[in-house]
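Keep the structure in view as you read.

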Amino acid sequence: MLLKNPAAEKGTEGSPAQSVSCVKGVVMTEREYKICCDSTCDLPEEYIKQFKVEIFRLNFEIDGKSYKDGELPFKDFYNRMRNGSSTKTAQIPPEVYRNEFEAAVKDGYDVLYLGFSSGLSGSFNSSCIARDDVLEKYPDAKIICVDSLCASTGEGLLLYKACEKKAEGLGIDELARWLEKNKLHLCHMFTVDDLKYLHRGGRVSKATAVAGTLLGIKPVLHVDNEGRLVPLGKVRGRKQSLNKLVEMMEERIDGWDNPVIAICQGDCIEDAEYVAELARKKLGKKTKVIISYTGTVIGSHSGPGTLALFFMGEKR
């Protein structure tokens, strides 16, 4: 489950590769490191496999039965939600992180963990507890936990960029600094098709949800600098809400380069493709657009019809 530096080679007897640097005539050896993330990154599986990222999967329940995030086919999941199935989610406990961190350290690797926003889940706090436990036992190891303050494919796009930086040769400390410097420039703009799911999660009042449904009001939301879900405004009609996402992208980019952006969708692929085409008209036809499903954990709270746009910008 390791994303290898293309310039590195395996050590003897299957041990992890090590990079060697020289500072003022002193030769220093740096251990190879693994990148880990949570399943809430909602990055398509092809990229997870390509980058060989270790994924911690959250649990969710639907109609009282428990699954790992991603275990239930997405279409089945969203169809069941449309038919009234109830869902709930759970954070990852410290022992799950502890076991994986310790296994990596025993194999001779350091660990960089990019976590689901602490403003939306207690999982990141669990990872910090696990990190401290493992480092107490292995004081020479290095485990860095980075709170992404991102969610869904916003977290996934940040992970994608982190893996690119690692492949370019950034060491674990350099990459951690890059993530801390850039994570608040990862913008999240999204809308939902039905306010009842946000109401269940306490994001909007019942009166707002009922009125919005009757009047065709669609909220536009984002993830703020504390990693929390915050409403930004509302428009009437689905098409207008999709257009608004791209308008808000234009307002926030402010000169930032975006060769790759991301869209996640709650079983509404036609809407995702519509937004992708709008975004390419603004950013250029060569812009790479990663389109993924909104995963079962995030989707449990946002519902079918969720559509989100992620990109790098000057402000969230």
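Which residue just after α10 takes a positive phi? It is Gly 284, with a phi of about 120°. This is a predicted model: local features need pLDDT of at least 70, side-chain atom pairs count only at pLDDT 80 or more, and totals for chains, interfaces and linings use all residues. Residues are numbered from 1 along each chain as its sequence is written, and side-chain values use heavy atoms, leaving out hydrogens and water.

**Helix α10**
- Helices are DSSP runs of H or I with at least four residues, strands are runs of E with at least two, and both are numbered from the N terminus.
- Helix α10 covers residues 269-283; at 1.5 Å a residue, its 15 residues should span 21 Å, and its end C-alpha atoms are 21 Å apart, which agrees. The expected span is 1.5 Å times one less than the number of residues.

- Ala 272, Val 275, Ala 276, Leu 278 and Ala 279 are buried (under 20% relative accessible area, with a 1.4 Å probe and protein chains only).
- Down the axis of α10, these buried residues fall within an arc of 165°, so they line one face. The arc uses directions from the helix axis to the C-beta atoms.
- On the other side, Glu 270 and Lys 281 are exposed (over 50%).
- The cover over the buried residues includes α9, β13, β14 and β15.

**Cysteines**
- The whole structure has 0 disulfides (pairs of cysteine sulfur atoms within 2.5 Å).
- The sulfur of Cys 145 lies 4.8 Å from that of Cys 128, its closest, too far for a bond.
- Cys 187 is in no disulfide either; the nearest cysteine sulfur, in Cys 150, is 9.3 Å away.
- Cys 187 is buried, at 0% relative accessible area.

How values were computed: Contact = heavy atoms within 4.5 Å.
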